[in-house]
Amino acid sequence: MKRVIGIGNALTDMLVNLESDSVLKRYSLDKGSMNLVDNKLQTEISKSVAGLPYSLSLGGSAGNTIRAMARLGCQTGFIGKVGPDTTGDFFEQALENLGVTPYVFRGQERSGKCVSLISPDGERTMITHLGAALELTADDIRPDIFDGFDCVYIEGYLVQNHALIEHTARLARERGLQVAIDLASFNIVGENLGFLRGLIERYVDIVFANEDEAIAFTGEDEPVNALQAISQLCELAVVKIGIRGALIKHGSEVVHVGIMAAAKRVDTTGAGDFYAAGFLYGLCNGLSLRQCGTIGAVTAGKVIEVVGTTFGEEAWEDIFRLVRKVRNERYLF
């Protein structure tokens, strides 16, 4: 694997720092969940948190992963759909500025947005109106898009369109690509369990899941048992277990990698996306499972120190320094 193309919801993130979790209770939102809503409800929730600190950035789960991989030096591309508006222009230009090859289509609705409500403990609850991102269909995915790539990384949040995900995975496999997927959110897994199990068994090589997603997917109570169950359906399984790190299984090899302690846990938005970016960067460079997991922990550990998924050059230089250590077999934790 050398070159990775991602497919996902092309979104702009609005990140709001909550003073308490009262707004989650008011709208019956499960803390840490991802919720697809209509424009009216998203606007209502946005108004209810007006006046609180917020920031805007490029978002979308696969978009975060691909952009981080590009910064790490990987050859990447991204498939998504935006609206006929300046937000869509901004999204596409930002990808190009990072060296990501954009396959960005234009829909009829306005560009999608994700309101990320960040609790005082750093946990995020996402309120997403997909807008034009929802208009991406299987018909948009041409075989030639995959030319020049070795792996397609599929965002689990695309599961609202089963035909799109299955077409993408099948076409990529036919073109000789590996297929990786992130399971996205425990509630998404629970609502689409049968489809996801069939998809992974038929087409997927690499699965990323956090502990809740892995348990929802397998029905197992313990992460190590969930890892084993997932690994029976795919070549490489990664189960992230919060502050305990991650469990990784490839064939008979099982590795446990710890976390990189963050200076301050500010916002968990994008932590899983950046973990996947670091891990896939390692695979692109032929590194060991432990090295891949360690670099994933580095990138995830850095992103939770800031609000959102955008940080300055100083933070990236620190990441580059730590990655060099890992590549020289100097493990950090």
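**Entry 1: T128**

I looked up T128 and found it in strand 8 (residues 124-129); strands here are DSSP runs of E with at least two residues, helices are runs of H or I with at least four, and both are numbered from the N terminus. This is a predicted model, where local features need pLDDT of at least 70, side-chain atom pairs count only at pLDDT 80 or more, and totals for chains, interfaces and linings use all residues. Residues are numbered from 1 along each chain as its sequence is written, and side-chain values use heavy atoms, with hydrogens and water left out.

Is T128 buried or exposed? T128 counts as buried because its relative accessibility is 4%. The cut-offs I noted are under 20% relative accessible area for buried, over 50% for exposed and in between for partly exposed, with a 1.4 Å probe and protein chains only.

Then I listed the contacts of T128, where contact means heavy atoms within 4.5 Å. Leaving aside neighbours within four places in sequence, T128 is in contact with L11, M34, N35, L36, V37, Q42, K113 and C114.

Next I went to K302, which lies in helix 11 (residues 289-303). K302 has 12% relative accessibility, so it counts as buried. Not counting residues up to four places away in sequence, K302 touches M260, F311, D318 and I319.

R197 lies in helix 7. R197 is at 34% relative accessibility and therefore counts as partly exposed. Which residues is R197 in contact with, leaving aside its neighbours within four places in sequence? I found F217, T218 and L233. I also checked R197 against F279: they are 82 residues apart in sequence and 23 Å apart in space, C-alpha to C-alpha.

**Entry 2: helix 5 and helix 7**

I stayed with helix 7 and looked at its packing. Two packed helices are described by the angle between their axes and the distance between the axes. Helix 5 (residues 162-174) packs with helix 7 (residues 193-203) at an angle of about 5 degrees, and their axes are 10 Å apart. That makes helix 5 roughly parallel to helix 7. For the wording, angles under 35 degrees count as roughly parallel, over 145 as roughly antiparallel, 65 to 115 as roughly perpendicular and the rest as oblique. The axes are lines fitted to C-alpha atoms, for helices over the stretch in contact, and angles run from 0 to 180 degrees between N-to-C directions.

On the helix 5 side I wrote down H162, I165, E166, A169, R170 and R173, which meet F195, L199, R202 and Y203 in helix 7. By class, this contact has five nonpolar, one polar and four charged residues. Ala, Val, Leu, Ile, Met, Phe, Trp, Tyr, Cys and Pro count as nonpolar, Asp, Glu, Lys and Arg as charged, and the others, Gly among them, as polar.

**Entry 3: two positive phi values**

I looked up two residues other than glycine with a positive phi: S28, near 55 degrees, and A184, near 75 degrees. Where do they sit? S28 is in the loop between helix 1 (22-26) and strand 3 (34-36). A184 is in the loop between strand 10 (178-182) and helix 6 (186-191). S28 counts as exposed because its relative accessibility is 65%, whereas A184 counts as buried at 9%.
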